[in-house]
Amino acid sequence: MILPAFSKTYEGRTVLDFPGMEVQPGNIYAVIGANGSGKSTFAKILAGSLKADHRIKPMEGIGYMPQKNYAFRMSLKKNLLLNGSDEKRADELIEALQLSSLAQKRADRLSGGETARMALARLMMKRYELVLLDEPTAAMDMETTLLSEELIVGYVRETGCALILVTHSLQQARRIADAVWYFHKGQLLEHGAKETVLDRPERAETRQFLNFYGI
């Protein structure tokens, strides 16, 4: 799958200039970089929730979990069933993410971490060719983060999708990604296999970023 090239400019300042990339089915791509490096803007444009400077052809078969999750005023389980009618699948996802005791609770009354798990489960009710997850575990504790990562890896294996994971956690990138993309000041500065980018980066900016965050 080829991701198109695009850019985004605000008040004459280019905040993102993405050159376009090819992603392989069955792979997880971790997008890392400092705050303001263009990671979320990249995900929003690909998902179609934000317009690029120049119109790009909408991509089909995309599942998107934004950084700020939403919950409809109905039960947690009914939120999942909005994205697919397979109740068995919904129950399996609810159990996998330790949400069984909350299945009938109104979703708009969940905590931040609970809402994030619900949103991840809701997305995974369907099969997609490309999945975009923007900081999916940021509000979760260690245990539920690891459960979610296991579910993410399992979903990719099951569906064969390409998955782009925007994450602030370098440890998460190391645990589950196949490849890493490093964004710096709106540029895709370095990309490659995770072992290469995280352990043997070529660019000084990448090394500085990794050193600062202790990896």
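Is Phe72 buried, exposed or partly exposed, and what is its relative accessible area? Phe72 is partly exposed, at a relative accessible area of 39%, where buried means under 20%, exposed over 50% and partly exposed in between, with a 1.4 Å probe and protein chains only.

Some ground rules. This is a predicted model, in which local features need pLDDT of at least 70 and side-chain atom pairs count only at pLDDT 80 or more, while totals for chains, interfaces and linings use all residues. Residues are numbered from 1 along each chain as its sequence is written, and side-chain values use heavy atoms, with hydrogens and water left out.

Back to Phe72. Its place is in the loop between strand E6 (62-65) and helix H2 (76-81); helices (H or I, at least four residues) and strands (E, at least two) are DSSP runs, numbered from the N terminus. Together with Tyr70 and Leu82, Phe72 forms a nonpolar patch on the surface, with about 310 Å² of accessible area for the three together. Arg122 lies over the face of Tyr70, 4.2 Å from the ring centre; the rule for a charge over a ring is CZ of Arg or NZ of Lys within 6 Å of the ring centre and within 35 degrees of the ring normal.

Next, the aromatic pairs. Rings of Phe, Tyr and Trp (its six-membered ring) pair if their centres lie within 6.5 Å; planes under 30 degrees apart count as stacked, over 60 as edge-to-face and the rest as tilted. By this rule there are twelve aromatic pairs. One of them is Phe6 with Phe42: the ring centres are 6.1 Å apart and the planes at 20°, so this pair is stacked. Phe6 lies in strand E2 and Phe42 in helix H1 (residues 39-47), so the pair ties together parts that are 36 residues apart in sequence. Both Phe6 and Phe42 are buried. A tilted pair is formed by Phe209 and Tyr213, at 4.8 Å centre to centre and 55° between the planes. Here Phe209 is buried, at 9% relative accessible area, whereas Tyr213 is partly exposed at 44%. Phe6 and Phe42 also belong to one aromatic cluster with Phe18, Tyr29, Trp181 and Phe183.

Last, the strand that holds Phe6. E2 (residues 6-10) pairs with E3 (residues 13-18) in the antiparallel sense, over five bridges; pairing requires that DSSP finds at least two bridges between two strands. Tyr10 stands opposite Arg13 in E3. The two strands form a hairpin with two residues between them, and Glu11 in the turn has a positive phi of about 50°.

How values were computed. Patch = residues over 30% accessible without salt bridge, like charges linked within 9 Å, V, L, I, M, F, W, Y side chains within 5 Å. Areas by Shrake-Rupley, 256 points an atom, 1.4 Å probe, with all protein chains shown as cover. Salt bridge = Lys/Arg side-chain N within 4 Å of Asp/Glu carboxyl O.
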